[in-house]
Structure formats: structure tokens, C-alpha cells
Amino acid sequence: MKSRNIWKLALMCVVISTAVFGFFKKHDPTPAEQKALTKYTNVMNKVLDQFRSPDWEEKIDSTIDHPTVSTFGDRPMDIDQLLQRTYEIRKDSKRYKTLVEPRLKKNAAEKNVSKKQLEAAQIEDLQHLQVQVHFNMLVVPMITGPDPKVDPKVPGAIFVHKDRNNPFSHGVAYILFFSGAKNGRWEEVNDVYRNFFVHKPDTPFIENIEVRIFGPEDRIKELLRKIDWRQVNTALTM
């Protein structure tokens with residue numbers, strides 16, 4: 001156990017030192033980098049637009065607008081921005097009236113304090129969702145590794161994994177990973193899926209994309225079925 005923690009600490013130090021080193025080597029996108037970024041943002045925004053529903057109020061938290069390119073030296077280009085959207089259930093929606101309201105009424109009559117608190121938390125989970133998108137991930141941190149025996153099968157994705165790490169605090173967490181290289185590996189000692197890039201560091205290519213979705217599992221599974229995730233691969237520049 002101590003050995004595993006030492007590995008994690010070492011990995012963290014590498015990430016931090018790399019980030020500090022890269023802090024002093026930033027620049028505006030070159031024409032080639034901007035071309036790759038424009039393609040990426042156009043494709044991914046169209047994918048994220050499919051998260052919209054009459055049941056949900058959308059907030060676009062983060063967009064890629066005038067990004068700065070960081071030269072980390074260990075991957076193709078990276079930027080200082082991400083795509084992120086958050087969704088809150090509409091109180092007048094079908095989902096709220098059929099899924100939330102009945103449970104709220106039932107829970108109001110619950111006498112057991114522990115059961116009441118647990119049910120309230122589960123009801124709250126049904127009402128919030130968030131999606132984050134990053135690219136050119138050197139490692140994908142996860143509590144558990146991808147498992148093709150139990151993980152959902154989504155056409156176009158290298159893997160889709162339900163993870164226990166959920167900083168959003170509501171619902172569950174799913175990670176979708178897309179890559180043109182397809183030669184990553186799970187490193188249990190570090191709790192990361194490690195990627196190996198085809199192109200040289202700091203070149204204008206986007207080789208992989210990570211999509212993290214946090215929220216109610218029923219809605220996430222609906223999105224996994226509804227969206228043609230193969231579109232994500234058209235955002236890669238290989």
C-alpha cells in the first residue's frame with residue numbers, strides 16, 4: 001500500500017513539475033494549431049448540443065475561445081481551456097413531474113431520519129448533470145480500470161467506464177475515451193490509463209479525447225444510446 005502511494009506521489013510531482021515548466025512556454029495558436037482546434041470545437045460542440053432536452057436547463061460553463069497553447073514537451077499540443085456544460089432539471093418538465101415530484105411527496109411523509117436523508121440525496125442526484133471534455137490526455141485518472149466484460153459498449157469509443165471518482169457530487173461518473181492511436185494501457189499502480197502518442201510533442205495534432213459525464217445514471221445511459229459517439233472521432237487530427 002505504501003509503495004502504491006509513493007508511485008502516486010511521484011506521478012503527481014511529475015505532473016506538477018511539467019505544468020510549472022509549461023507555464024513559461026505558452027503561445028497563441030499557430031495557423032496549423034488553430035485549424036485543428038477549430039475542427040475539434042466545431043465537432044464537439046455539435047456533439048454536446050445533443051445533450052439538450054426540454055427537461056433540462058443548459059448552462060455553458062466553459063468554451064474554447066482564444067485559447068493559449070501550452071508546450072508541455074510530453075504530448076502534442078495542449079491548451080488552457082476545456083469544454084464544460086451543466087444541466088439543471090426544469091421544474092415544469094415531464095422528468096420532474098414523473099420522476100422527482102412523486103418521490104418528494106413520498107419522502108415528506110417518511111419518519112425515519114436516516115431514510116429521509118438518503119432519499120433526499122438520491123432525489124437531488126436526479127436533477128443535475130455535467131459534462132467535461134478534454135483532449136490529448138497523457139493519462140486518464142480513474143479509480144478502477146476499464147473492464148470490457150462489464151463496461152457499456154459504445155460504437156466509436158475505445159472504452160466507456162463507470163468510475164467511482166465523482167467531484168460533481170451528484171449521481172454517478174462515466175468516462176468515454178476516444179483515440180486514433182488505440183495503444184493505451186491501464187496502470188493499476190498509478191490508477192491511470194496511460195496513452196502513447198503517435199506524433200511528436202508540441203505538434204498541431206489532437207490524438208485523443210476524454211468525455212466525462214456526471215449525473216443521474218438513467219440520463220447518462222440515455223445519452224450513451226441516443227448520441228452517435230462515432231462523431232467524436234472526426235474531431236481527431238491524425
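**Exercise 1.** Find which residue of strand 4 is the bridge partner of Val69, then work out how the strands around this pair are arranged.

*Solution.* Start with the pair itself: the bridge partner of Val69 in strand 4 is Ile79. (Strands here are DSSP runs of E with at least two residues, helices are runs of H or I with at least four, and both are numbered from the N terminus.) Next, zoom out: strand 3 (residues 69-70) and strand 4 are paired antiparallel over 2 bridges. Two strands count as paired if DSSP finds at least two bridges between them. Now place them in their sheet, an open one of 3 strands in the order 1-3-4, with antiparallel pairing. Strand 1 (26-27) and strand 4 (78-79) each have a single partner strand, so one side of each has no neighbour in the sheet.

Before going on, a word on the model. It's a predicted one: local features need pLDDT of at least 70 and side-chain atom pairs pLDDT 80 or more, while totals for chains, interfaces and linings use all residues. Residues are numbered from 1 along each chain as its sequence is written, and side-chain values use heavy atoms, leaving out hydrogens and water.

**Exercise 2.** Describe the sheet with the order 7-11-10.

*Solution.* First, this open sheet has 3 strands with antiparallel pairing. Its edge strands are strand 7 (139-141) and strand 10 (185-187), each pairing on one side only. Then look at one pairing: strand 10 and strand 11 (residues 192-194) share 3 bridges, and Glu187 sits opposite Val192 of strand 11.

**Exercise 3.** Work out how helix 3 and helix 4 lie against each other.

*Solution.* Take the axes of helix 3 (residues 94-108) and helix 4 (residues 113-125): they come within 10 Å and cross at roughly 165°. That makes the two helices roughly antiparallel, a label for angles over 145 degrees. Who touches whom? Helix 3 brings residues including Val100 and Leu104, and helix 4 brings, among others, Ala120 and Ile123. (Contact means heavy atoms within 4.5 Å.)

**Exercise 4.** Decide where to be careful with this model.

*Solution.* Overall, the protein averages a pLDDT of 89, and 90% of the residues score at least 70. (pLDDT is the predictor's confidence in each residue, from 0 to 100.) Over residues 1-23, though, pLDDT stays under 50.

Key. Axes are lines fitted to C-alpha atoms, for helices over the stretch in contact, and angles run from 0 to 180 degrees between N-to-C directions. Angles under 35 degrees count as roughly parallel, over 145 as roughly antiparallel, 65 to 115 as roughly perpendicular and the rest as oblique.
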